[in-house]
Structures are given as C-alpha cells and as structure tokens.
Amino acid sequence: MAAPMLRWCCPGRRFAFARVGCGSCHRRGPPTGSTSNGKRGQSSVAQQPHITAQKPRKGEPEWAAVVGLEIHAQIASNSKLFSGSQVCFAAPPNSLVSFFDASLPGTLPVLNRRCVEAAVMTGLALDCHINRKSLFDRKHYFYADLPAGYQITQQRLPIAVNGSLAYSVYVGRKPSQMVTRTVRVKQIQLEQDSGKSLHDDLRSQTLIDLNRAGIGLLELVLEPDMSCGEEAATAVRELQLILQALGTSQANMADYEIQRQINELENGGEILNETRSFDFKLGCTVPMRDKEGKQDYRFMPEPNLPPLLLYDSGSLPSGADPQQVINIDQLRERLPELPRVTRQRLVQQYGMLPEHSCVLLNEVGLLEFFQNVIKETRAEPKKVTSWVLNTFLGFLKQQNLAVSESPVTPSALAELLDLLDRKAISAPAAKQVFEELWRNEGKTPAQIVAEKKLELLQDPEALEQLCRSTLEAHPDVVMDLKRGNPRAINKLIGLVRKATLGRADPTAIKEVLERQLSS
Amino acid sequence: DLGQITPTELCQRCLSLIKKTKFLNAYITVSEEVALKQAEESEKRYKKGHSLGDLDGIPIAVKDNFSTSGIETTCASNMLKGKVLCTPYNATVVQKLLDQGALLMGKTNLDEFAMGSGSTDGIFGPVKNPWSYSKQYREKRKQNSHSENEDSNWLITGGSSGGSAAAVSAFTCFAALGSDTGGSTRNPAAHFSRHGLIPLVNSMDVPGILTRCVDDAATVLGVLAGHDPKDSTTIQDPVKPFTLPSLTDVSKLCIGIPKEYLTPELSSEVQSLWSKAANLFESEGAKVTEVSLPHTSYSIVCYHVLCTSEVASNMARFDGLEYGHRCDSDVSTEAMYAATRREGFNDVVRGRILSGNFFLLKENYENYFVKAQKVRRDVLLTPTTLSEAVPYTEFIKEDNRTRSAQDDIFTQAVNMAGLPAVSVPVALSSQGLPIGLQFIGRAFCDQQLLIVAKWFEKQVQFPVIQLQELMDDCSSVFENEKLASVSLK
C-alpha cells in the first residue's frame, strides 16, 4: 500500500492546513481531483495521497495533517475497457493487444459492460450517488506507453459521486479501544490503464509492453478526511476488502510502500511528490516518472463515445433489450455481503470481539479457514476463535506464511479441537499436537496423540496416587506452599505433570493437590 | 443503353480510363489486380444468378484516408506513405461496399490528412479537375480568347475529397467514398457536377458519398447506413435500403433560404442560380421562406476551433512508435516524437494540430471550445461554394487556412449540427463550369432529403461532361452514366 506522501506546493514552501488549538478550525485540504495524477505501480492498486504534515515549532499552534487519496484499482474483467483484448496476468509481452489498443487509425472504442457494472457495484457499496448519465473525456499527454497520445477517462462527469467509506481505528493502546471513522468518497470514475515501459539503461532504450494498455481502471478519489498515515492505510485496507468482496478488483497491494512512508514521516523526513512503483525483485519501491511542474492535459470530450446512460427499475425504457441496458436496482440486489456486515455477523454469531472480526477479515484466507474449522468441529466458537487467531495465526506470522501456505488444514485443526473438547487431551498437550501437525509429516491429530501418549489420564485413582506421592516426595515445596508462596503450587503441578508424562490436565491436577493439601 | 456487359469488361474499361486520365492525378493507388479478381468473382455470381445486389460488380473508389485491408493507406502524408500501413482490416464503410460485391478500383488523392479545400496539399501533388479539359469549358475559353497553354491553367477540384470526385467525374468508377468534416465531400462535388452526400452522423467527421446522380447516392447510402457494432455512436435501429420514389408534387414541401448565407463573397453567378432554384420550387407550388441562422458568422470560427481541437487529439497517435514513419533520432523519446511528427506531417497538418492544442489548453478551453460547442424547416437550400472551380494558380495565392475558412463557409455548419446534406449540380457557369447547390435535411431524414434532391435534379437536367476529345474511344462509356443504366451479366 502506498503511504500518504508529503506534498509541497513548491520546494521549500509549506502548506497551511488545519490549525488545532485555535478558536475556529478551518480545515482546508489540498486540491484533490484531476490535477494530481496517479500513475499505477506494478501492483494493481497504487495511490497518490495528498498530505502535508510537519513538526510544530515551539509556541506555534500545532498543525494537523490531512490526507486525501487517489486510488486506482484494476477492474477484474475478461476483456479490456474499450476493446475485446483479453485481460490476463503474466502473458508474453504485446500478446494481448488489439488494433484499438495499439491505436491503429480508424479504430474506435466500444464500452465493456462488465466494467460499467463493476463501477456501479463499487459505487453502491460505498453509498455513492450513481450518475444516471456520465461522460467520457480524453486526457492528452505524450508518453511511449500511451499509444493514442491520450487516455480516455471521466473528468467532467464521472459515474459515481458523493459516497463514504467507514473504517475502524485504534485510538488507544488496547485493542478494545476502536472507533469508526468515515472518509468521504468524492468520486469514482472509469478510465484506461496505460501500457508498461521498461527502462533498459544498459542499451539506452525503453521497451514498451502494451498488454496492460486499455485495461479498465476504477479511480477512487477520497477526500482529505484522514489525519495520518495510519488512518489512510486502514481506509485503503478496508477499501481493498470491499473490492475483493465485490469481486470488482483483486486489489493486490504492496504493503511495503505505506510502511516506508510512515517510517519516513515519523522520522520527520521529506517525501517527494512522485510516483513510485513496487519492484518485486528488489522488494522495495523505486521512483518512476517525475511529475515536475504542472502539466496541462488538454481535456476534451471523447467524440467517439456517447454519454453513458444507466437506468433503475423505474426509468427503464419499455421493450429495452436487457443486453443493452444496465439496471442499477438489479445490481444492488446482487451485491454480496460487505466486510462491515460480515464483521458484525461474526460478532453476533460467534460472540467474538470486534477486533477479532477485524483480524479475521484482514488476513487473506483466514475467514474461510475459520469458517471451515467451525463447520467441522463441535468445539465452542470462542475456542475456535482463540485457537485460530492466537495459535494458528501466531505460527503463520512467525514463519511469514500466508494462510494458503499453512501446513495445517482446517480439518486437522477441527479434529484437534474435538479431542480437546472431549477432554481426551489437555490444553498443553493440544499445543504440542499442534506443533507436530505444523511439521506436516502427514499424521492426524489422533495419531500424534497415540504416538506421543498424550491422552489424558482417565483414571482418577491413578492421579490421586501420583499426587500423593509427589507431595510426599517434595516436602520442601509443600512447606514453601504452606508459607504462602503462590508459585509453589505451580511447581507441584509441574512435578505431577512430569510424573504423568504430561497426560494429566493441569486444572485437574491442581484440584486434586489442593484437596489433598487441605485435608 | 449499352446492353449487357460483364463485370470484367466493365472493370477493364474503367481501368483503361484510369490510365487515360492519369494526368488528373485522381488516384494514389490503383488496385488493378484486386479489382479484376473481384470482377471475376462477381461474374461467377451473376452466372449462377446469385448477384448480391445493385452494387455487385460495380467499380468504386475510396479516398485514401479510409483503411483498406492489404492495400496501403497513406492519407497523402509522409507519416504513412511507404510505411505500408496495410491495416489488416477494412473501414466499416469499405467493408459494407465490398460485401455487396463492389469492385475496389483504388485509393484516391486528397489534401494531406484531409485538411484542405483544394485537394492540392497532399504529398502526391494536386488533383486536376476534369472539367479543365471538358469541351464545355474549352469552348468558352476560346470564346474569351485566352491563348495560354491549355494545361497550365487547369482548375482545382475543391477538397479535400478531390480525388474521389475526379474519379467519379471521369467515369473511372460509379461511386466514390470521400470524407467530410467541413465540406470535404460537398465542396468538390459542387465543383464537379457530382452529387456529394453526407449522411446524419454523430461527430463532425463523416464519410461522404460521391456519385453521378441522386439515385446512385441513395443506393450507396442504403448499403452504408445502419448500426456498426464497432462504432459506439451509431444508432441501433435497423435500416432498410431504400429506393427513391419520384416526387411529383412539391406543394407540401417547405424550403428554407438562410438569409445569412447571402454574403458579399458569393459570386453573382452562384447567387443568381440560387435564386432561380428557389423560384423553381416556388413556381411548382412549394413554400419557400427566408430563415435565419443567426450563428452563421460565428460558426466558421467555432468550426475551426472544434475541428482543430479534434484533429490535434486524433493526430496524437501518430508518434512513429507502433506504425508509420519514425525518424532516425534516438536521443530521447521526446526528441523522437518531435522529429517524427515534424518530418511526417506537412505544415497544414502541423498548423491545425498546434491550433487545436492551443484551444484545448485549460486556460483557453472555456473561451474557445465550450463557446464553440454552443453554436449548431424540412430542407434548407443554400449555395455549396462561393464560386465555380478556380484555376490552381489563383487558388494557391491564398494559404490553406484562409482558403478553408473561405470555402467551407456554407458547408461546415452542417457538420457542426450533424445533419444530412447533399450538393447537387445545377447549371454551367458562363465559363462552362459546374455550379452546385446544397440541400440540408432534418435529422434522420436522409431519405426525404434525397427525394427532394432527386426531384430537383430532374428539373434542372444538368448536362454530362464532354470529355470525348480527350478520351477517343470511350464514347460508349459515357452512356453508362448512372448505375441504373448499367446492366451486368
């Protein structure tokens, strides 16, 4: 994810923003919209934030940063926005280029229905007003990866406006201190992606790959309602989840950039207003095109495309061919469950805390994993939540794995939790089993339990016996306990456990010991 | 009437005429092999009794700014010439004609990128108006005792579709495609005794049809009209090819005469013919009234703003990267762009691109472009051009831009409004040269427009160009003036 960037009016000058601590608070944000232009990085979502933040000087009223964002999301569709070329990841260079994409003379744009639907659905999910009529424009600049010399976009009248995006931030140290913030969505517009240029400095040449040229993009403009990098990052993350839930974009982002810039900001560093791209090989972002000075894009209406007209059930012309019209109401009905609704449902259904539901959604594939475990186990949902979020996730993070790379399947975890639920094994034993499962040697939990003899001691008499013998064997610890050392009991429990070869539940041991000691 | 003739014979006659009239410089590329092959196939169809329709086996020509598969398209520009821009596809209008079995005789000459009103500014040189060599013109010149060399005072065709107009006029084909943004089809048509039709369209830049009579124009329009799924601005409604009924009663017709079109630059002959035409309609019972088009004086300026802006945008793709001319410089991308475009375009084209970009600059957009867009009866009757065709030597005294501004004056408003219009030859001037008048129809009323034009054509009985002196053995061809008179077997 790209972090908010410091934007300077001109080098050395500072922008005045919200003054905190004055009588009246004017919040003036930097101009958003089409003047600053986002260029996509190699990830399919990249941002151009506007922000100014600086350290307050002594005695001066404090400054507060405001962050606005321009986000480009590549639309998940089979073909491009205005031509029939396929959209496909990692195809050989220049293999997915139609005559129109190469801007051969005489070719004309034809709008892709799926892309329009994606834009409408995204607008609906963000509570936008969908413009029944929107227009297409040409934005002119010369660059080798833009064959026509202009990009078709929607500058004057975009497809959706005036929505909002809600996201949750932590206000304190504790996870439970979360509040919901909203950022206004200024507009959503459809536009073409450009091709890719690869600079070969060795041979002083630039190679152009037009596979990406003409792919549909959704440009989402968020107003400067966010006050720091972290909020911006969270908002973008939420947007990503929404787009993925809608299926309108895969919204893969590079996390690197946001963290880099947050770090820089916090260190008081200055960040150039530039476009950066994520270089997968190097694992970091590198500068791309320079946006020196302001460029005049010579906007002009696109003469080869009529206005885009959308309908709802009330305004649909009678006898209209359903293939040729888009009904907003129908799309609204087809909207899938959005992330915030999912989170609410999880809280209600499984009694988990809101922050738990956030974690479940934020990790790719984790929710699905969780739901699969729930399906197969009899254990209580709270237990499942705890195991998934703490143990399972902990192991993943430790080894830097994605959920999809997990050696433990939902079924295996479900089986393990069943054993625990039946009290066939103790909690520490379960952890041990889990560790074994993680080694991925193809054994089931039951097999591991059998092999390692981890079954709980089922014979109460045997336990009583062991406890008594332990107490007798360690009078000094008993003495310690009687003198009031609270840790002594744990030592005794540990000793009993060792004697039982870990096959007794610590809680049960404690109970027996205490009973025996008090008698 | 010739009796029956085979497609191949007709094709060969036209090819022979093309050769004989080479001095007119109407064609940039003659697609002889292609045409003969198409003729062969047409013949097979006729033998089986499966002809595709009225256009099957009929020779046509296409202005060299329409894409043709396998045949180079140059737009008369160094940007594309010799770079073999053989697009692997045909322009839709071309495809439609070929689907009806028409024979593609070749690509015709034009002003570079269709920018001009004389067909003089292309890299292949100017097109000469066949009327320069007509008996009618020459006799008048002898009368007026001009003793100059016959050829040095040849006349321009008008433009920018001059090559197409000349091709049709010299009987080398029965119909030709031109393009028209501000009059580029109707202008040469008027200088020619050709019928130049532009249909209703969405943008200013439209295909135009040049033929020798109104019926032929209707036939071609019937083939070309209709929805094109590759063009988002075409209408979805289905279209049937139409024939033109003969109008016998014009008493229900309302003809409008725009008073602002009576400009001082209008030649007295054209003005006089215009009046006569109006009187003709009136005497036959039509209602003829004066109308006002108050934005007329602004529209030529607006037109230039909009046109150059659209041009600047559309020409942005000619950067030499994907196709076309690329300069040799490899200093930097920007340098390459600049050099390629300077080398590839003539100064008319460059001038219009620069103006267009100027108007599109943010600071100018409101003042020029937006204002320009605000400006745009059954049929209006107007002159097409200010005067008859002028000699080349006189034409080049003014630069392209001035000429275009002058000559497009009656025609460009139509493009701005997106209306159908047709230029019909009326009579010969005192110099023996054709003068045409323009009919402008209401939106979507192409057919009605042509019906009126056809009635008018019948009334004026415009004479056929007499080129026999020049083309000795082709007298028989002249009877094949109209499509209807050709009977293929």
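Hi everyone, here is a short walk through the predicted model shown above.

A word on conventions: residues are numbered from 1 along each chain as its sequence is written, and chains are lettered from A, with ligands numbered from 1, in the order in which they are written. Because this is a predicted model, local features need pLDDT of at least 70 and side-chain atom pairs count only at pLDDT 80 or more, while totals for chains, interfaces and linings use all residues; side-chain values use heavy atoms, leaving out hydrogens and water.

Let's start with the whole chain. Chain A has 15 helices and 18 strands, where helices (H or I, at least four residues) and strands (E, at least two) are DSSP runs, numbered from the N terminus. Of its 519 residues, 50% are buried, meaning under 20% relative accessible area, with exposed being over 50% and partly exposed in between (1.4 Å probe, protein chains only).

Next, the domains, whose bounds come from an automatic or database domain assignment. Chain A is given domain 1 (67-308), domain 2 (339-452) and domain 3 (460-518). Between domain 2 and domain 3 of chain A, the C-alpha centres are 31 Å apart.

Now let's zoom in on one residue. I448(A) sits in helix α11, which covers residues 445-452 of chain A. Is I448(A) buried or exposed? I448(A) counts as buried because its relative accessibility is 3%. And what does it touch, beyond its neighbours within four places in sequence? I448(A) is in contact (heavy atoms within 4.5 Å) with V433(A), E436(A), L437(A) and K443(A). Take V433(A): 15 residues separate it from I448(A) in sequence, and their C-alpha atoms are 6.4 Å apart in space.
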